Amino acid sequence: MSVHHDYETVIGLECHVQLQTASKLFSPARNRYGDAPNENVDVVDAGLPGVLPVPNRRAVEFAVRLGLALGCDIHLTNVFARKHYFYPDLPKGYQISQFARPICTGGSVTIETDQGEREVRLTRIHIEEDAGKTLHRPGETASFCDYNRAGTPLLEVVSEPDLFSADEAMAYYKALREVVVHLGICDGNLQEGSMRADANVSVRKKGSGALGQRTETKNLNSIRFLGQAIEAEAHRQVVELSAGGTIKAQTRLWDADKKESRVMREKEEADDYRYFPDPDLPPVVLTAADLATIESGMSELPRARRARYQDTLGLAPEAAATLCADLALAEYFEQAAAGHKNPVSVANWILNDLSRLMGERRTDDDEGGFSAATVGIPPAAIAGLVTLIDDKVISSTIAKKVFAELAADPGLRPADIVEAKGWRVQRDEGALRALIDEIVAQNPDQVAQYKAGKDKLFAFFVGQVMKRTKGQADPADVRRLLQAALS
Amino acid sequence: MTVTDQTIDDLLKLARLEVDAAEHDRLRDDLLRILTFVEAISEVDTDGVEPLVHMTTAGDPLRSDEAHDVLGKAAVQGSAGFTGEYVRVPQVVE
């Protein structure tokens with residue numbers, strides 16, 4: 001494999017993002033995965049003569065959201081075009097897409113690499129309709145079409161050849177998925193094909209500025225397959241070139257079972273899709289006010305949120321990342337930490353005790369994510385609990401008991417629980433000192449061992465005091481008075 | 001403007017059409033006449049003129065994202081290959 005060190009891989013990705021609209025891009029048929037075949041087909045989707053497509057406002061808005069999130073130039077006037085090719089799952093004989101005047105150009109996706117963050121430039125984002133599904137059954141001499149997916153809205157996100165390894169391509173795909181899920185425009189469900197990528201891969205001698213001949217590997221529907229397909233294709237090209245061969249322009253298909261790609265078609269001449277503006281569809285014309293309205297409805301992106309949690313609220317990177325990985329969890333934290341003077345402690349309670357409770361109470365409806373309704377405890381109660389600790393009204397030991405009470409009855413206020421149970425920290429130093437003297441007198445062996453240098457026994461004495469005070473003593477007071485008594 | 005036999009062959013291939021030799025010649029001559037006619041427009045100086053993609057510049061009315069009951073299977077049942085569930089098509093080998 002030593003020849004590989006002489007080459008570098010260059011990758012550009014085309015990602016198809018399925019938009020979670022209620023209806024299709026140009027028809028009122030349901031945009032829903034998993035229904036019976038051909039249930040969600042309108043005359044427009046079936047390409048019947050004399051019908052007119054009408055664009056879905058939400059699909060256009062979703063494109064704007066993604067464009068704003070990725071810093072693209074958004075073209076207020078953009079144009080749908082027809083892309084012609086024949087395939088049985090494309091009833092009209094053309095796909096409505098955007099070509100010369102897409103909705104977004106430029107922009108970038110930020111990826112995490114071993115060398116830190118890097119911007120991967122985008123060429124464009126355009127809106128297009130998906131095709132139906134063709135089923136191939138073994139032993140059959142025909143294929144079978146289901147047009148439920150025909151006409152569902154997609155965004156195609158095209159990157160520049162700015163990725164230089166399979167790992168970077170996977171990081172890009174993950175970052176893009178995080179953004180579209182966070183924006184609420186795509187469910188990010190890779191198993192159901194909600195995101196699919198085509199990888200343009202070429203290799204070149206290191207230090208060479210020119211791009212090598214590329215191939216396109218289509219329909220990669222998981223992050224793992226994407227990585228495997230790129231590794232395999234780069235390897236194939238390096239072996240070919242090292243043996244004195246050449247790379248041909250090809251479209252290839254990845255076989256996930258065999259972990260190899262095969263040629264789908266040779267591209268001897270450039271594809272001729274005969275694009276032209278769709279005469280059925282006047283240009284989409286947006287205003288600056290439309291963009292402002294859309295932007296005002298957008299939630300903060302995970303990367304910006306993570307940075308804010310770390311820089312402004314002082315959270316550790318891991319805590320910030322865990323909170324931001326789940327929008328519901330992040331929103332719960334936001335509510336609990338709003339105006340609180342100790343957001344770090346609030347975050348810790350949410351990530352430890354509250355997340356543990358979520359794990360215990362998780363139902364099938366929760367789909368692996370956090371749910372404020374499932375845990376039941378309102379964010380304000382967590383905030384109140386942390387305040388009680390910070391104000392030294394209760395010890396952290398008692399706080400655990402207050403949390404257990406909250407878990408049992410989320411309607412209670414932490415301060416009320418503390419009062420009702422008489423759990424306030426005991427501030428009577430004389431009583432505490434007397435108790436400590438008593439414990440010291442009752443444990444002469446431990447006192448002797450401690451004084452002989454067995455420092456670990458200090459924790460034993462702290463434990464005894466906390467036990468006798470039912471956790472209501474302030475641990476700091478206990479340590480100070482114990483040290484005095486044992487010296 | 002030239003329209004060669006190869007031009008016609010390419011177009012026929014893209015359109016998945018087959019024609020006989022006489023029709024092939026007629027198409028070639030027709031297409032040349034059409035293109036020559038349309039070429040008259042190139043006499044106009046269009047430098048700096050934004051290409052017009054549609055007769056209206058008002059913008060397309062957009063539809064609100066509401067799903068309705070649609071024809072469903074009835075929309076495809078007219079296809080010759082409708083099986084009651086799928087549409088049967090000539091085998092496509094990828």
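## Where two helices meet

In chain A, Glu61(A), Val64(A), Arg65(A) and Leu68(A) of H1(A) meet Leu291(A), Ile294(A) and Glu295(A) of H4(A), with contact meaning heavy atoms within 4.5 Å. The residues of this contact divide into 4 nonpolar, no polar and 3 charged. (Nonpolar here covers Ala, Val, Leu, Ile, Met, Phe, Trp, Tyr, Cys and Pro; charged covers Asp, Glu, Lys and Arg; the others, Gly among them, count as polar.)

Helix H1 spans residues 57-69 and helix H4 residues 288-296, and the two pack at an angle of about 75° with their axes 10 Å apart. That makes H1(A) roughly perpendicular to H4(A), a label used for angles of 65 to 115 degrees. The axes are lines fitted to C-alpha atoms, for helices over the stretch in contact, and angles run from 0 to 180 degrees between N-to-C directions.

## About the model

This is a predicted model, in which local features need pLDDT of at least 70 and side-chain atom pairs count only at pLDDT 80 or more, while totals for chains, interfaces and linings use all residues. Residues are numbered from 1 along each chain as its sequence is written, chains are lettered from A and ligands numbered from 1 in the order in which they are written, and side-chain values use heavy atoms, leaving out hydrogens and water.

Helices (H or I, at least four residues) and strands (E, at least two) are DSSP runs, numbered from the N terminus.

## An enclosed strand

Let's turn to strand E12 (residues 195-205) of chain A: 10 of its 11 residues are buried, so E12(A) is largely enclosed by the rest of the structure. Buried means under 20% relative accessible area, exposed over 50%, and partly exposed in between (1.4 Å probe, protein chains only).

E12(A) runs antiparallel to strand E1 (residues 7-18) of chain A, joined by 11 bridges; here Cys15(A) has Ala197(A) as its bridge partner. Another 4 bridges join E12(A) to strand E13 (residues 215-220), also antiparallel, with Ala199(A) partnered by Thr217(A). Two strands pair if DSSP finds at least two bridges between them.

## A look at Ser108(A)

Ser108(A) lies in strand E7 (residues 108-113) of chain A and counts as buried, at 18% relative accessibility. Its side chain makes a polar contact with the side chain of Glu119(A) at 2.6 Å. (Such a contact is a pair of N or O atoms within 3.5 Å; within protein, one must be able to donate a hydrogen and the other to accept it, and residues adjacent in sequence count only if both atoms are side-chain atoms.)

Key:
Angles under 35 degrees count as roughly parallel, over 145 as roughly antiparallel, 65 to 115 as roughly perpendicular and the rest as oblique.
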